[in-house]
Amino acid sequence: MTETFKVLALAGDHIGPEVVAAGLQVLKFSADKAGLSIEVEEDLLGGASWDVDGTFCTDAVLAKAQSADAILVGAVGGPEWDDIRVDGPITQQDGLTRLRVELDVYNALRPARAWTPLLHRTPYRSEVVDGADLLVIRENSGGIYYGEPRGVERHADGSVRAFEISEYHTGEVERIARCAFEAARVRRNSVTSLDKSNVMETGKLWRETVARIGRDEYPDVTLNHLLMDFALYAVSKSPCDFDVLLADNLFGDLISDMVATVAGSLGMLPSATLPAATRAGEPIKGGIYEPTHGSAPDISGKGIANPAGTILSVAMMFEHAFARPDVTRKIESAVEDVLKAGVLTPDLGGTATTTSMTDVVLEVLA
Ligand code: IPM
Ligand code: MG
């Protein structure tokens, strides 16, 4: 009997449903072609969930996510829900962060590469960006996003004190450091770890711990440390000099958007957020796959969102959730062919729609 993989699709808000529809088409088509049995269930997350259930992620959706092999997320949020104030931890205020914490998906892989047909869409001269191939490894279930206590104090004089805490424990840094070294071993064997060890206690712990894991367990991988502020300069100046960029939750959030410049559009960036370090040949259950871009309310409903970030996230799902990197490579090369053919959505300077670009990806895959 062939194994059936269960995929939970949470399209979310605004362009979320538009890109997830595209991703699901590629998922089903590629699975069929590869002889892989998958079962897709769809549900609500973010504002869409708030409007129906009064919460950004219901217990029922969480339970489904906990039993799924992979979760495909579109994008959540939008101005309609910006002013909603929910008391309690961030996990009650944001559906995606609830999922990330409850599933303990601490290993966020956010690759960004230069695509030859899009070099002219980047802010770089092509000789600076050509060949750039970066992987941000972002710690994704700890740090300042979740440190306690956090809160808002309203004082009698009308002033307000808002605060949160940046905290990391040794074990949290050790496990994400191993993720970065493991990822580097199947790439170009180099990790650059980013921190603010000059001013932050968590930064000092981060640097010491990453250095120790590197020295004791991965002496074959080159490790460098950079201060986060300088790293933004150094990576944006010479993106080809870097391979794996390891950062905590907040700094990883920042740098993962910045490196989108090498791809020519934030719309091109996929991600996989996993409850384990990557490993070849064995499926990892319970990862979240989502484009790095947001819900883009300004273009929602127009049918022009770039589906590539989601399609490439589906490609990552084949590698990590289904242990089928052969299918991953096919989808990536189909996307590249479509870019070469000039079938481009407006963020890439073209006039293609979400559907027309997806249709051409499917044609190439056929
Ligand atoms: C991301 C996003 C999220 C984050 C938001 C939407 C909570 O920016 O996944 O990069 O800050 O982690
Ligand atoms: Mg972000």
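Helix α9 is the top contributor to the lining of the largest cavity, giving 3 residues. This is a predicted model, with local features needing pLDDT of at least 70, side-chain atom pairs counting only at pLDDT 80 or more, and totals for chains, interfaces and linings using all residues. Residues are numbered from 1 along each chain as its sequence is written, and side-chain values use heavy atoms, leaving out hydrogens and water.

A cavity is a set of points, on a 1 Å grid over the protein atoms alone, where a 1.4 Å probe fits but cannot get out; a pocket is an open set with protein on both sides within 12 Å along at least five of seven lines, and lining residues have an atom within 4 Å of a point. Searching the whole structure turns up 1 cavity of 30 Å³ or more. The largest cavity holds about 60 Å³, a volume being the space filled by probe spheres set on the points, with grid points joined across faces, edges and corners. Its lining includes Tyr168, Trp206 and Phe251.

The largest pocket comes to about 1100 Å³. Some 46 residues line this pocket, and Ile90, Gln93, Asp94, Thr97 and Tyr145 sit nearest its centre. Here α6 gives the most, with 4 residues. Helices (H or I, at least four residues) and strands (E, at least two) are DSSP runs, numbered from the N terminus.

As for the second largest pocket, about 740 Å³ of space lies in it. Of its 31 lining residues, Arg187, Glu319, His320, Arg329 and Glu332 are the closest to the centre. Elements giving two or more residues to this lining include α8 and α12.

Notes. Chains lettered and ligands numbered in written order.
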